[in-house]
Amino acid sequence: MEASNQSSVTEFVLLGLSAHPKLEKTFFVLILSMYLVILLGNGVLILVTVLDSRLHTPMYFFLGNLSFLDICYTTSSVPLVLDGFLTPRKTIPFSACAIQMFLSFGMGATECVLLGMMAFDRYVAICNPLRYPVVMRKAVYVPMASSSWLAGGANSLVQISLAVQLPFCGDNVINHFICEILAVLKLACADISINVVSMGVANVIFLGVPVLFIFISYIFILTTILRIPSAEGRKKAFSTCSAHLTVVVIFYGTILFMYGKPKSKDPLGADKQELADKLISLFYGLLTPMLNPIIYSLRNKDVKAAVKNLVVQKHSTQ
């Protein structure tokens with residue numbers, strides 16, 4: 001009976017902003033603009049970290065990975081969101097929904113781990129500068145980045161495999177812009193306690209552990225910086241990690257805002273609360289990828305110089 005019920009749901013309906021059609025065109029333009037900024041900004045960062053030999057260091061290798069990750073993360077969901085704004089009734093096949101969940105969930109977990117790896121890189125650079133070339137050699141930092149991708153992918157594979165095995169025997173309407181895993185789990189007509197426990201463990205590993213690691217790393221970093229006798233030396237040391245710290249604060253700050261804010265108890269405001277939660281979730285997925293290249297460009301002299309050289313070379317060849 002369960003197999004029959006599960007096979008009956010072959011597609012899902014994404015609600016998106018169907019209840020607010022007047023907002024769809026406005027948000028289509030806004031989301032498309034943000035997506036283009038993400039592609040351009042992160043694309044330029046990848047280009048300069050590959051082409052400029054001065055940026056062939058562990059920090060910029062991680063930055064290139066972060067930019068590529070942000071492009072992949074947004075591309076896994078934004079085209080679906082934009083298409084939903086143009087389609088009166090947006091449906092997505094069960095298999096496509098599973099693939100989209102796998103990509104989005106995997107990229108999110110990978111970014112958490114990668115930010116932790118980048119914190120370790122800054123810790124070694126500031127707290128143990130003489131050992132930095134030895135500790136952060138290519139044979140070390142390339143496997144570090146690779147392990148971030150593998151860990152995120154493995155976690156996503158586990159979570160999505162558990163989700164798609166659930167029977168979906170009734171409602172197939174997802175109250176979201178995309179196939180968000182929590183919204184999909186709500187539609188299952190079976191006990192999802194295993195999924196909840198599994199995701200809870202994953203959140204501790206991929207959110208809690210990296211946050212703790214980053215926090216401890218920056219305690220050591222700040223302690224070392226404060227011991228530098230000259231103000232100029234302290235400023236120079238802090239400038240090498242300020243961009244990463246800013247990205248970490250924005251990334252985890254928006255997560256805390258999303259899941260830590262109190263829910264409205266007013267039943268009349270439930271619809272507005274639901275709409276606000278969906279929009280916050282949507283913009284959270286766009287905010288950090290859009291700001292990352294801007295932050296690293298504005299707060300990093302090497303990146304600004306590399307971008308400037310790239311522009312000059314392009315004009316000189318024309």
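# A working chat

Biologist: Where is the place of Pro58?

Modeller: Pro58 is placed in helix α3, which covers residues 58-75. Helices (H or I, at least four residues) and strands (E, at least two) are DSSP runs, numbered from the N terminus. Please keep in mind that this is a predicted model, in which local features need pLDDT of at least 70 and side-chain atom pairs count only at pLDDT 80 or more, while totals for chains, interfaces and linings use all residues. Residues are numbered from 1 along each chain as its sequence is written, and side-chain values use heavy atoms, with hydrogens and water left out.

Biologist: Is Pro58 buried or exposed?

Modeller: Pro58 is buried, because its relative accessible area is 8%. The cut-offs are under 20% relative accessible area for buried, over 50% for exposed, and partly exposed in between (1.4 Å probe, protein chains only).

Biologist: And which residues does Pro58 touch?

Modeller: Not counting residues up to four places away in sequence, Pro58 touches Asp121, Tyr132, Met136 and Tyr141. Contact here means heavy atoms within 4.5 Å. Pro58 and Lys138 are 80 residues apart in sequence, and their C-alpha atoms are 7.5 Å apart in space.

Biologist: Changing topic: what is the mean pLDDT of the protein chain?

Modeller: The mean is 85, and 88% of the residues reach 70 or more. The pLDDT is the predictor's confidence in each residue, from 0 to 100.

Biologist: Where is confidence lowest, and where highest?

Modeller: Confidence is lowest in helix α1 (residues 2-8), with a mean of 46, and highest in helix α7 (residues 138-164), with 95. Over residues 1-7 the pLDDT stays under 50, and the model has eight contacts for them beyond four places in sequence.

Biologist: How many helices and strands does the chain have?

Modeller: The protein chain has 12 helices and three strands. Of its 318 residues, 43% count as buried. Among contacts between residues at least 6 apart in sequence, 80% join residues at least 24 apart.

Biologist: At what angle do α5 and α7 pack?

Modeller: Helix α5 (residues 94-127) packs with α7 at an angle of about 145 degrees, and the axes are 7 Å apart. Axes are lines fitted to C-alpha atoms, for helices over the stretch in contact, and angles run from 0 to 180 degrees between N-to-C directions.

Biologist: Is that crossing of α5 and α7 left-handed or right-handed?

Modeller: The crossing of α5 and α7 is right-handed. A crossing is left-handed if the near helix is turned anticlockwise from the far one by less than a right angle, and right-handed if clockwise. By class, the contact of α5 with α7 has 16 nonpolar, nine polar and no charged residues. Nonpolar covers Ala, Val, Leu, Ile, Met, Phe, Trp, Tyr, Cys and Pro; charged covers Asp, Glu, Lys and Arg; the others, Gly among them, are polar.

Biologist: On to the aromatics: how many aromatic pairs does the count come to?

Modeller: Rings of Phe, Tyr and Trp (its six-membered ring) pair if their centres lie within 6.5 Å; planes under 30 degrees apart count as stacked, over 60 as edge-to-face and the rest as tilted. By this rule the count comes to 11 aromatic pairs. One of them is Phe12 with Phe168, whose ring centres are 5.6 Å apart and whose planes stand at 85 degrees, so the pair is edge-to-face.

Biologist: Which parts does the pair of Phe12 and Phe168 tie together?

Modeller: Phe12 lies in strand β1 (residues 11-14) and Phe168 in the loop between α7 and β3 (173-174), so the pair ties together parts that are 156 residues apart in sequence. Phe12 and Phe168 are both buried.

Biologist: Why is the pair of Phe120 and Tyr123 tilted?

Modeller: The ring centres of Phe120 and Tyr123 are 6.3 Å apart and the planes are at 35 degrees, so the pair is tilted. Both residues lie in helix α5, three residues apart, about one turn of the helix. Phe120, Tyr123, Phe213 and Phe220 form one aromatic cluster.

Biologist: Lastly, with which residues is Asn292 in contact?

Modeller: Leaving aside neighbours within four places in sequence, Asn292 is in contact with Leu66, Asp70, Glu111 and Val247. Asn292 is found in helix α11 (residues 270-298), and Asn292 counts as buried because its relative accessibility is 3%.
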